[in-house]
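This briefing walks through one protein chain, from single positions to the overall fold. Please keep the sequence and the model in view while reading.

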Amino acid sequence: RGLAEAEKTVQRQQDVALNLEKIGDLKRNAGDFAGALEAYEEMLSIARDIVTMDAAKDQWKRNLAIYLSKMGEARAAAKDSNGALAAFDEGVTIRQKLAETDANNIPMQAEIASAQERIGDLKRDSGDRAGSLAAYVASMDARRQIGDALLSSDSAGALAAYEQGLVLARRLAEANKGGAYQSDVSTMLESIASIKLNSGDS
């Protein structure tokens, strides 16, 4: 860390952020949530500085979004639902902005879908039913779009995306017994059946 302070280049700062990420991961896995949060907070501070130093490079913004998801998980584990939601929300906002110019970036779309699902979980657990459903719908739609995008080139990837979307569609249909979202279940099942039929898995 001393070298990074003496030589404040983007790469040096990124090296420190990566080391802090590893420290945070180790502490979180060991159950030291306070220590993990401390490391992640410093990691995020450096990541924000990097974005400011080199704002033209989207990779630094993507890294910041990834680090925010790490912070979201750590805060959720520490029972800080509001802090977790704030971190996930900021990460989604960054990724959605990046997606405006890179809509075919499947890994980033998958990150958006995963973060939206975690937002749905947190809002469900806090009693925010409407917010939870909205987040689950966003995650489901993102997974369906990933499946559609992969369908012609990666049937296994498309199948995985549709199956993940099906889990969310069923969750939504269960929460809305009046028939809403049942069509999403049917659409996902149809897409899954089509892929399996074409692959000979009937």
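**Briefing on the predicted model**

Helix α5 is where A84 is found, in a model that is predicted rather than determined by experiment. A84 counts as buried because its relative accessible area is 0%, which falls under the 20% limit. Between A84 and A34 there are 50 residues of separation in sequence and 14 Å in space, taken from C-alpha to C-alpha.

**Overall fold**
- The secondary structure of the protein chain consists of nine helices and zero strands, so that, read from the N terminus on, the elements follow the order α-α-α-α-α-α-α-α-α.
- Along its principal axes, the C-alpha trace of the protein chain extends over about 60 × 40 × 30 Å.
- The protein chain has 202 residues, and buried residues account for 45% of them.

- In soluble globular proteins, nonpolar side chains tend to be buried together.
- The largest nonpolar core in this model comprises 25 residues, among which M43, L44 and L64 touch the most other members.
- At least two residues of this core come from each of α2 (10-29), α3 (33-53), α4 and α5, and α3 gives the most, with nine residues.

**Largest pocket**
- Rolling a probe the size of a water molecule over the atoms shows where empty space is left.
- The largest pocket holds about 190 Å³ of space, and the elements that contribute two or more residues to its lining are α4 (58-77), α5 (81-99) and α6 (106-125).
- The residues that line the largest pocket are R28, I66, S69, K70, E73, F88, R95, E111, S114, A115 and R118.
- Sorted by class, this lining contains six charged residues, together with three nonpolar and two polar ones.

- K79 is classed as exposed because its relative accessible area of 73% is over the 50% limit.
- Although G31 and A78 are 47 residues apart in sequence, their C-alpha atoms are 9.4 Å apart in space.

**Ring contacts**
- How many aromatic pairs does the structure hold? The count of aromatic pairs is zero.

Technical notes
Residues numbered from 1 in each chain as written. Predicted model: local features only at pLDDT ≥ 70, side-chain atom pairs only at ≥ 80, totals over all residues. Heavy atoms only, no water. 1 Å grid on protein atoms, 1.4 Å probe; cavity = no way out; pocket = protein on both sides within 12 Å on 5 of 7 lines; lining within 4 Å. Points joined across faces, edges and corners; volume = space filled by probe spheres on them. Helix = DSSP H or I, 4+ residues; strand = E, 2+ residues; numbered from the N terminus. Nonpolar A, V, L, I, M, F, W, Y, C, P; charged D, E, K, R; others polar. Phe/Tyr/Trp six-rings, centres within 6.5 Å; stacked < 30°, edge-to-face > 60°. Core = buried A, V, L, I, M, F, W, Y, C linked by side-chain atoms within 4.5 Å. Buried < 20%, exposed > 50% of the residue type's maximum accessible area, 1.4 Å probe, protein only.
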